Number of protein chains: 2
Amino acid sequence: MNNNATKKARADHPIHDLLAVRYSPYAFDPKPVPTPMLLSCLEAARWAASSFNEQPWSFIVAGQDQQGAFERLVDCLAEANQPWARRAGALILTVICQSFSRNNKPNRVAGHDLGLAVANLTVQATELGLAVHQMAGVNLARARQTYNIPDTHDPITMIALGYAADPATISDEQLAERERAPRSRKTLAEFVFGDAWGQTAPQVG
Amino acid sequence: MNNNATKKARADHPIHDLLAVRYSPYAFDPKPVPTPMLLSCLEAARWAASSFNEQPWSFIVAGQDQQGAFERLVDCLAEANQPWARRAGALILTVICQSFSRNNKPNRVAGHDLGLAVANLTVQATELGLAVHQMAGVNLARARQTYNIPDTHDPITMIALGYAADPATISDEQLAERERAPRSRKTLAEFVFGDAWGQTAPQVG
């Protein structure tokens with residue numbers, strides 16, 4: 001588990017340390033992710049819940065040490081993400097299947113269920129001392145073309161997975177500032193409702 | 001943490017126990033969820049990652065003990081889910097905001113990010129000895145109407161949260177059978193790709 005005290009959640013109610021210390025670093029140490037660790041992270045994703053146990057997720061994976069394959073994934077990132085994300089030990093492109101395999105009907109929650117899987121991956125990564133930074137900033141058309149992703153599927157995000165580094169290693173000043181800032185969140189009162197929309201639940205007080 | 005040995009993931013690679021023992025029970029013990037536990041679960045969701053830190057999720061919550069409010073949530077479930085889900089200590093309707101608040105542009109990953117938050121909630125619940133069963137089987141139109149959810153937002157899933165019970169307490173024979181069956185998943189080789197779509201990554205072997 002990492003120990004970046006600045007980034008630890010200042011939680012109003014007790015939460016598990018694996019959830020509290022997780023953050024999305026811009027500073028990565030370009031050390032490879034050992035294969036057994038990568039496999040444990042993917043295994044954690046594998047056991048997530050999904051609607052009708054569809055498991056609508058797929059992952060396209062490459063480590064720093066697989067130069068050609070890694071560069072192909074870097075090229076699928078939005079340009080702004082490339083400088084810092086290419087320092088991660090591994091990159092993972094996430095993909096969902098749009099329909100249920102059992103009846104070919106649209107799967108309204110495929111993206112949601114991918115999120116469940118990636119959060120599992122993140123818990124496992126954190127447990128192993130690794131960090132995860134997810135990106136929606138992906139060149140989706142390029143990803144589809146590069147990997148020949150069929151029309152029945154959609155690329156969704158890219159995941160940078162690796163060892164977090166000291167914020168001082170970031171050359172981009174704006175990113176360095178974000179990296180040093182504490183994490184902030186809405187209060188529970190702003191998004192936990194009871195009797196009606198916008199009305200805070202009595203439990204939250 | 002629960003200890004339903006049948007349901008524990010038979011993982012091919014080591015994963016954290018909180019991920020391995022999680023399953024989605026149909027058998028709930030209709031005991032209320034203590035408020036501090038409910039708040040810790042929601043707090044865990046609060047600290048999830050999200051695109052641009054948008055935190056696009058909202059939750060509408062009621063406990064068994066809040067009879068009117070609980071029944072209103074039960075009524076928003078697909079009929080097939082009502083008999084077992086009404087035994088859960090609490091129900092939570094999940095809602096996303098469709099657009100980024102900073103620029104009003106569509107948030108392509110709002111549902112995905114809700115998944116990240118709910119997986120966090122699930123880890124925290126598991127840690128506290130609670131169980132989570134998520135449902136896509138929701139009467140979305142009724143949910144929108146009941147809670148006056150604005151057009152800018154979408155209800156997505158319902159979460160049953162509470163204490164898992166002995167499968168023997170399930171009267172529906174089909175559900176009881178599912179409850180006794182081990183969890184199954186695709187192999188990593190089926191969804192972790194390397195150089196091209198459908199080609200298993202070399203790390204998975």
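**Exercise 1.** Among contacts in chain A between residues at least 6 apart in sequence, what percentage join residues at least 24 apart?

*Solution.* Two residues are in contact if their C-beta atoms, placed from the backbone, lie within 7 Å. By this criterion, 73% of those contacts in chain A link residues at least 24 apart.

The model is predicted: local features need pLDDT of at least 70, side-chain atom pairs count only at pLDDT 80 or more, and totals for chains, interfaces and linings use all residues. Residues are numbered from 1 along each chain as its sequence is written, while chains are lettered from A and ligands numbered from 1 in the order in which they are written.

**Exercise 2.** Describe the secondary structure of chain A.

*Solution.* Helices (H or I, at least four residues) and strands (E, at least two) are DSSP runs, numbered from the N terminus. Chain A holds seven helices and six strands. Their order along the sequence is α-β-α-β-α-α-β-α-β-α-β-α-β.

**Exercise 3.** Characterise the side of chain B that touches chain A.

*Solution.* First, 64 residues of chain B are in contact with 64 residues of chain A. Next, α5(B) contributes the most to this side, with 12 residues. Finally, the side comprises 37 nonpolar residues (Ala, Val, Leu, Ile, Met, Phe, Trp, Tyr, Cys and Pro), nine charged (Asp, Glu, Lys and Arg) and 18 polar (the others, Gly among them).

**Exercise 4.** Which strand of chain A is joined to β6(B)?

*Solution.* Strands pair if DSSP finds at least two bridges between them. Strand β2 (residues 57–63) of chain A is joined to β6(B) by two bridges, and the strands run parallel. Within β6(B), B:Val192 is the bridge partner of A:Phe59.
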